[in-house]
Amino acid sequence: MLQNSHLVLCVDDELVGLKVRKILLERAGYQVLTAIDGASGLSLFEAEPIEAVVLDYSMPGMHGGEVASRMRGIKPNVPILLLSAYIGLPIEVTSLVDLYMTKGEGAPVLLQKLESLLQQPVTAPQPIR
Amino acid sequence: MNLTQFNRILRQVFLLPIIALLITAWALYLQVRGANETVRQIQEADATIAQVAQVAKLIIDQESGLRGYEATGDDRFLTDYRQAEGSIQSEFNNLALMVQFDDTQRHNIEDLSNGYQNWHDAFALPIIATVRAGGKANDVTLNLYGKTLMDQVRQDLAAITHHTEARRSDRIQQWHRQVRNMVEALIAIALGMGVLIGLFTRSRLNAVSSAYRVSLEVLGRRAEEIFQSEQRLRTTLASIGDGVITCAADGRIEMMNPVASDLTGWPQAEAVNRPLDEIFRIVNEKTGEPVDTPVAKVKRLRSVVGVAHDTSLIRKDGTRILIADSGAPIPDQTGEIAGIVLVFRDITLERRTQDTLLANEKLAVAGRLAATIAHEIHNPLDAVSNLLYLMRTGVSEEESKQFIDMAESELARVTQISRAMLGLYRESRAPVPVDLKGILEDILLLMEHRFLELQVTVQTDLPSPVLVDAFPAELRQVFTNLIANAAEAAAPGGKISVGTSALAATPKMSSGAVVVIADNGPGIPEEVRSQLFQPFFTTKGERGTGLGLWVSRGIISKHGGSIEITSNTDHLTHGTTVAVFLTEKPTIAAGHSQRAH
């Protein structure tokens with residue numbers, strides 16, 4: 001369980017979905033911070049030692065693509081998993097993030113993808129400073 | 001040459017011979033008068049000769065009487081002598097009067113008169129006196145003297161006669177000469193006049209003939225021009241892609257071009273001179289009822305007329321084609337209707353294309369909504385599937401109850417959205433009572449997330465159900481379109497309002513309803529406003545099909561309603577308001593797809 005206690009930031013405007021996702025990830029051993037829009041997500045991302053981001057795409061004000069691009073500007077090496085209810089997001093959005101998946105693919109897929117993202121930095125050629 | 005000039009020439013040609021004949025007659029008159037004078041002079045000479053003869057007779061009578069008396073002494077022989085003596089002086093006077101203008105004759109007559117007087121006084125009187133006295137008068141000398149005197153008288157008489165005869169023959173010659181001259185003059189005048197009249201008439205007729213030739217040339221040129229102009233028009237007509245029929249004012253066909261011939265199925269030669277109604281039979285596409293021909297309509301309205309939509313032309317073989325047409329009057333110089341020209345084209349293909357476009361637009365609207373719907377469904381599904389996963393991996397009873405509640409509420413959301421979506425695409429065959437409030441609420445629900453995305457706040461004014469008869473799916477399409485337009489115009493951070501209310505019947509309109517959709521976007525510039533309802537006009541670039549408003553207006557027109565757009569680009573009060581008016585009980589032909597007009 002210890003190796004799983006990464007700090008994950010979840011951003012989504014769907015309150016029920018966000019709440020369920022937080023419970024799911026906490027059960028899987030992650031520490032979870034939540035934000036209901038892009039702006040508050042970004043301030044948490046900047047302030048906290050976030051290790052991974054689970055980001056919704058379609059949100060009022062600032063969509064996921066824009067949030068991801070700003071996060072890259074702040075901490076380029078934090079992995080971002082983009083969740084979307086839409087199928088077929090524009091390439092300029094998907095190229096910004098490490099992984100993206102469609103909502104509804106199921107919890108195991110989400111957990112597995114998140115885990116794989118968090119393992120990457122260990123094997124990455126450039127170590128985290 | 002104009003008519004006045006021509007008339008002048010006619011007058012000249014008529015008057016000239018008359019003038020020539022008058023001149024000729026005058027010349028003849030002068031000649032005849034001269035000849036008459038000569039004849040009178042001849043007669044005068046004859047009278048003079050006769051008078052001389054009379055005088056001579058009297059003198060001879062006296063001489064004979066005297067000689068008888070001289071021989072016998074009987075007084076009875078002197079009767080003639082004395083008679084002649086009584087009248088001879090007056091006869092001398094007469095003779096003198098006749099020749100008073102001729103000096104020679106006057107002189108001769110004086111001589112005669114003197115000679116006679118000598119004979120009378122110197123011979124006759126003494127002889128008579130001697131005989132009366134009883135003496136003898138047979139003295140030779142005396143008698144010779146008397147003879148000499150009488151010879152002198154005879155000589156004078158002969159001279160007078162001779163002179164007069166000479167004059168008479170002169171006069172006769174003169175008369176002959178005059179007659180000859182007259183004939184010659186007559187011939188000369190006739191010739192001259194003939195030539196003159198001939199030349200003059202010829203020159204005048206030449207003028208007329210050249211004018212006639214010019215007229216002929218002009219006419220020829222006109223005819224050629226008219227022919228060319230007609231040819232040009234004919235070719236133009238033949239090359240036009242639309243059917244064209246021209247009719248006389250009584251509705252008989254005068255001409256039709258090949259396209260018209262193709263469309264009606266009537267060969268040109270057969271159609272000409274037949275009444276238009278026979279060749280151009282049009283009916284309402286939907287009801288099959290005959291439609292007023294444009295001829296009747298043009299005659300009634302005296303202006304260009306279009307024909308109602310959904311007009312079918314029945315061809316000669318009975319098949320039908322959809323046409324669009326118009327008629328226009330051909331005015332004559334006084335402005336009366338001289339004929340009617342009819343232009344029409346086959347719009348069957350166009351109509352099919354239009355229908356396809358409408359279907360495409362419907363699909364495009366559906367496609368745009370599909371993305372929204374996917375989002376609306378995937379979110380609850382994601383939550384539910386995560387909840388199920390949690391429950392399977394072991395939960396407390398309290399947690400389980402909480403999770404089930406959450407899953408149920410999320411599923412309820414899915415159901416609601418799927419219901420709204422179903423309503424949007426359910427086609428009905430006939431108009432049904434539709435609650436505008438319900439429709440608008442469904443649409444707003446489906447678009448809720450889109451509004452969030454666009455950061456648009458929606459204000460609703462839907463106090464109570466408003467019922468109209470309509471095709472619900474079509475109205476949903478219209479309102480979805482209009483609301484999406486408003487939201488996109490207002491974004492980001494803008495405000496839209498959606499409201500509906502019933503409208504009571506007015507003298508002008510039956511009872512109905514109005515749906516008002518307003519935004520506080522930048523407004524629509526004036527130059528764009530007039531094009532809003534045209535197909536393929538879009539301000540959204542790649543994102544718009546340019547068909548939305550065009551289709552919407554078609555649908556609303558079909559429902560007997562109208563769409564009014566008011567817009568304001570003022571920087572303080574900018575915004576756009578779209579009002580859709582619908583009647584409560586419209587007459588809509590059932591079973592036909594909607595059609596833009």
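This tour walks through a predicted model, one selection at a time.

**Stop 1: the sheet of chain A**

Start with chain A and show its strands. Five of them form an open sheet in the order β2-β1-β3-β4-β5, with parallel pairing. Which strands stand at the edges? They are β2 (31-35) and β5 (99-102) of chain A. Each has a single partner strand, so one side of each is left without a neighbour in the sheet.

Now select residues 52-56 and 80-84 of chain A. These are strands β3 and β4, paired in the parallel sense over four bridges. For a landmark, pick Leu55(A) and look across to β4(A): Leu82(A) stands opposite.

**Stop 2: helices on that sheet**

**Stop 3: a helix pair in chain A**

Select residues 38-47 and 64-74 of chain A. These are helices α2 and α3, whose axes come within 10 Å and cross at roughly 20°. That angle makes α2(A) roughly parallel to α3(A). The crossing is right-handed.

Show the side chains where the two helices meet. On α2(A), pick Gly38(A), Gly41(A), Leu42(A), Phe45(A) and Glu46(A). Facing them on α3(A) are Glu66(A), Val67(A), Arg70(A), Met71(A) and Ile74(A). Colour this contact by class and you get five nonpolar, two polar and three charged residues.

**Stop 4: where the chains touch**

Bring both chains into view. How many residues of each chain are in contact? There are 19 from chain A and 19 from chain B. On the side of chain A, select helix α1 (residues 15-27): seven residues come from it, the largest share. Taken by class, the chain A side has nine nonpolar, six polar and four charged residues.

**Stop 5: the first helix of chain B**

Move to chain B and select residues 3-72. This is helix α1, with 70 residues. From its first C-alpha to its last it reaches 102 Å, close to the 104 Å expected at 1.5 Å a residue. Click on what follows the helix: Gly73(B), whose phi is positive, near 75°.

The axes of α1(B) and α2(B) come within 8 Å and cross at roughly 155°. The two helices are therefore roughly antiparallel to each other. Their crossing is left-handed. The residues of this contact divide into 13 nonpolar, nine polar and four charged.

**Stop 6: another helix pair in chain B**

Next, select residues 103-132 and 140-239 of chain B. Helices α3 and α4 have axes that come within 9 Å and cross at roughly 160°. That makes α3(B) roughly antiparallel to α4(B). The crossing is left-handed.

Zoom in on the contact. By class, the contact has 13 nonpolar, eight polar and two charged residues.

**Stop 7: the sheet of chain B**

Finish with a sheet in chain B. Five strands run in the order β9-β11-β12-β14-β13, forming an open sheet with mixed pairing. Which are the edge strands? Select β9 (457-461) and β13 (562-568) of chain B: each pairs on one side only. The twist averages 15° from one strand to the next.

Now highlight residues 512-519 and 575-583. Here β12 and β14 of chain B pair in the antiparallel sense over eight bridges. Pick Val516(B) and find Ala579(B) opposite, in β14(B).

Note on methods. Residues are numbered from 1 along each chain as its sequence is written. Chains are lettered from A and ligands numbered from 1 in the order in which they are written. This is a predicted model: local features need pLDDT of at least 70, side-chain atom pairs count only at pLDDT 80 or more; totals for chains, interfaces and linings use all residues. Two residues are in contact if their C-beta atoms, placed from the backbone, lie within 7 Å. Ala, Val, Leu, Ile, Met, Phe, Trp, Tyr, Cys and Pro count as nonpolar, Asp, Glu, Lys and Arg as charged, and the others, Gly among them, as polar. The expected span of a helix is 1.5 Å times one less than its number of residues. Two strands pair if DSSP finds at least two bridges between them. Axes are lines fitted to C-alpha atoms, for helices over the stretch in contact, and angles run from 0 to 180 degrees between N-to-C directions. Angles under 35 degrees count as roughly parallel, over 145 as roughly antiparallel, 65 to 115 as roughly perpendicular and the rest as oblique. A crossing is left-handed if the near helix is turned anticlockwise from the far one by less than a right angle, and right-handed if clockwise.
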